[in-house]
Every structure is written in structure tokens, then in C-alpha cells.
Amino acid sequence: MSIDLTLERVHILASQFSYTRPSIHVTGTNGKGSVACLLASILQASSFKVGKFNTPHLISIYDCITINDQPVTPELYHECRTQIEQANERVNASASSFELLTVTALLVFERVAVDIAIVEVGMGGRLDATNVMPDQCILVSALTTVDLDHQAFLGETVDLIAREKAAIARQGKPFILGHQKHSSVVSAAEGVVLQQGGTFMRNAFGSPIRAMLPLHGTHQLHNLSLALTIISTLLTDSSCCAALPPQLLHAITDGDRRLSFHTMPRPESLSLTRCLHITYILALSHSPPKTPEQTVFPLLPPRSIAVLRFPSSGWNAVGESLLPLPSYEQPVLSLVTNANMTSLQRALEWTELQAAQTQDEGGEHLAVLAGSLYLVADFYRLMKRLEAPNFTV
């Protein structure tokens, strides 16, 4: 399926509806989802009614449009979607499926009158359908880590990709750049932001914080830092303060606030001597910058790995051949046929054998699915279809 990147169609369609909700616009290659969830958690804990739009969805289309962390109801979604589709026909906008979904999400947020909307870019930024939001609605634009992605549409270098993503900047509004692994991204993004009249800011939350963050990895600290910089900007930037009710802004700093969308276990429930046999079911590809070796090597030494090919366009296409996996003494099941429900079921059946062997040896077993939302979504669909009683998720 070809992708025709332009804002012409979505502008025509969106012009048929009013959108007035204060919004945070987030783009980037890696970290968008974590930053959006952290922001939603902090704001929701501070009494905001929070709308969040992120794609792709996990199980159903309702997953990608949430209000206070709950999926939009089917009734409200289809009511808004019907109006959008009727307008699309009436003005002959010929909007794409993602453009229809984006405007539907904005209409949902308008209907329920969210206090703030957190909107993730689908691809790129400059020509992404989410960039149809009016300038006056944007509180903050943010750019997470930039790396190679969608080069056919965004450019062959990280600098070109950064320029496309930074183009969501709005005149007179703060634009916050998160941590970058490529130093050239900084100047590339700053040039675009200043050209568009935005206020360029670096990810720098200077005050010390004490927080329990059950998200492992240095990258999650970078994501938290960006989220907190955005929150700090909401509290200090004059344009943000003018757009949000004072009582809501005050609620952000009033009392203790949970900084994570996860629930921390009580310390007494944590076991320090737990020994697990881990089986990984991974969806991998060798598309830059992530090779199978780079994905598998940092993991805890597993006794077993099942590998499913992950094509960039989803499960329905055939991906490239996998690079050789690292050598492990433990068994490796490599499923390099088309990644589909059948190969996933084979991996799960193999995992059950690993679990049985571990239990026979008196051990405890854990299966971990990772590498792709498509894999996780198909797992849930498969479990529902099979009504599998033996898997605790």
C-alpha cells in the first residue's frame, strides 16, 4: 500500500469540526509511548481529565484513544467516526484511514471536553495527520530520541529525519528536545524550530527528584526527564499558564504525585532469592538500527529463545532474513517463516515444553514476549481464540 504524505486532505476534513482542547504533541523515533504514558499518569493524578492518542492500537481500535487511561467506548467512537466519514464524503476529502482515525480522536477529545490531550505523531511530524491540530491548541511540542526510521519517507540520515520530526514546532510555543544519541540531531532540530518561530528548549530537569520508577534502563530515565521537563514547562511558560486553568496547574504541585503508569509492589512482597528460567519469544528484524544480536545480547542469559520474523509493515508481509543469532549453549528455536498466528502458536507450544521441563527440575518458569506490539497483540488474540487456561498473563 502506498503512502501519500500530505496535510491537504486532513486539513479539508478537520476544517469541518472545531478542535479547542489544550494539547501536548509528541514525536520521535523511540520513547514516544513512555513519555506519553508518564505525562498522562502525572496529569491524571493531578485531577486533569486526560485524553491520549497513540498508534498502532494493541487489540482493538478503541485502545489508541483513551480518556483517563480507559479506552474510548465503542458507542462514542462509532458516533464520532460516523460523523467524520460523512464529512469526508460530503467535502470529498478522500482522507486516508489514519487521517480518519486522527480526526476521530480529536473529535472524541472535544466531545468529552478533556482538560488536556496528549497526541503522539504517527510517522515523522511535518506531514503527519496529527500536525493538523491548530496552533492555538498546542501547549508544548516534544521530540524524543531520533534514530533511523521510515527512511523512504523521512530521509536517509538522522539529520533529515530530525528535521521532519522537529517541524511540528509551533510559532511562539515551547519545543522541548529530549536526550539524543546522535549529537547532530540537536542543531538540525534547533534550526527547524527557530525557523518556525518556536522556543527551542533542551531536556533539562534541574531539580533533584525522588521517585520510584519501575521502568528499567537508562533510556527510561531520559524519558522521565523529558516528561518532567514538559510538566515543568506547563507550570512556568507564560503561554501554557494562560491556556490552562490555575486550579489545575496548582494541582500538579499539590501533594505527592505518582510518576509512573505502573503500580509498585510493596517492599515486603519482593523476593530477593527468586530464581527463574526465562523463555523469550522475540519478534526481530535486522532493519537498522536494531539487529537481532543487539536485541538479544543485553538480555539476561536465557535458557531458551524463540525467534519470529518481524516485518516492518506488520505480520502480513514477509520480512528480510534474520542475521545469525548469537551462539548460546541453551536451545534456540528459530521460526523464520512468515510471522503469523501459526508460528506464534508453535512458539508458545515449545515454550510450554520448556516450562514443563523446568517444573520437573523443581524450577520456576517465566515466558517473555518482546520486540513488537504486533506480537503482543497477536498473543492476546490467540489466547482469546484458544481460551488457553494454562497461561497467566
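User: Which residues have the most contacts inside the largest nonpolar core, and how many residues does that core have?

Analyst: A word on the model: it is predicted, so local features need pLDDT of at least 70, side-chain atom pairs count only at pLDDT 80 or more, and totals for chains, interfaces and linings use all residues. Residues are numbered from 1 along each chain as its sequence is written, and side-chain values use heavy atoms, with hydrogens and water left out.

Now the general idea: in soluble globular proteins, nonpolar side chains tend to be buried together. A nonpolar core here is a set of buried Ala, Val, Leu, Ile, Met, Phe, Trp, Tyr and Cys residues joined through side-chain atoms within 4.5 Å. Buried means under 20% relative accessible area, exposed over 50%, and partly exposed in between (1.4 Å probe, protein chains only). In this case the largest core has 34 residues, and those with the most contacts inside it are L13, Y19, F53, I65, V72, V108 and F109.

User: Which elements give two or more residues to this core?

Analyst: Elements are DSSP runs numbered from the N terminus: helices (H or I) have at least four residues, strands (E) at least two. The contributors are α1 (8-14), β3 (65-67), α3 (74-90), α4 (97-112) and β5 (116-120). The largest share, eight residues, comes from α4.

User: What does V72 touch, leaving out residues up to four places away in sequence?

Analyst: Contact means heavy atoms within 4.5 Å. By that rule V72 touches Y62, I65, T66, I67, Y77 and V108. There's also a second, separate core of 31 residues, which includes L38, F48, C240 and L249.

User: How do I read strand β2, and which way do its residues point?

Analyst: Look at the two faces, then the neighbours. V50 and K52 point one way from β2 (residues 50-53), G51 and F53 the other way, and all are buried. Two strands pair if DSSP finds at least two bridges between them. Four bridges join β2 to β5, running parallel, while three join β2 to β3, running antiparallel. G51 has a bridge partner on each: A117 in β5 and I67 in β3.

User: Is T29 buried or exposed?

Analyst: T29 is buried, with a relative accessible area of 17%. T29 is found in the loop between β1 (23-27) and α2 (32-45). Leaving aside neighbours within four places in sequence, T29 is in contact with T144, T145, V146, D147, L148, D149 and K165. The T29 side chain also reaches the backbone nitrogen of D147 at 2.9 Å.

User: How many helices and strands does the protein have?

Analyst: The protein has 13 helices and 12 strands, and buried residues make up 46% of its 393 residues.

Note on methods
Polar contact = N/O pair within 3.5 Å; in protein donor to acceptor, adjacent residues only side chain to side chain.
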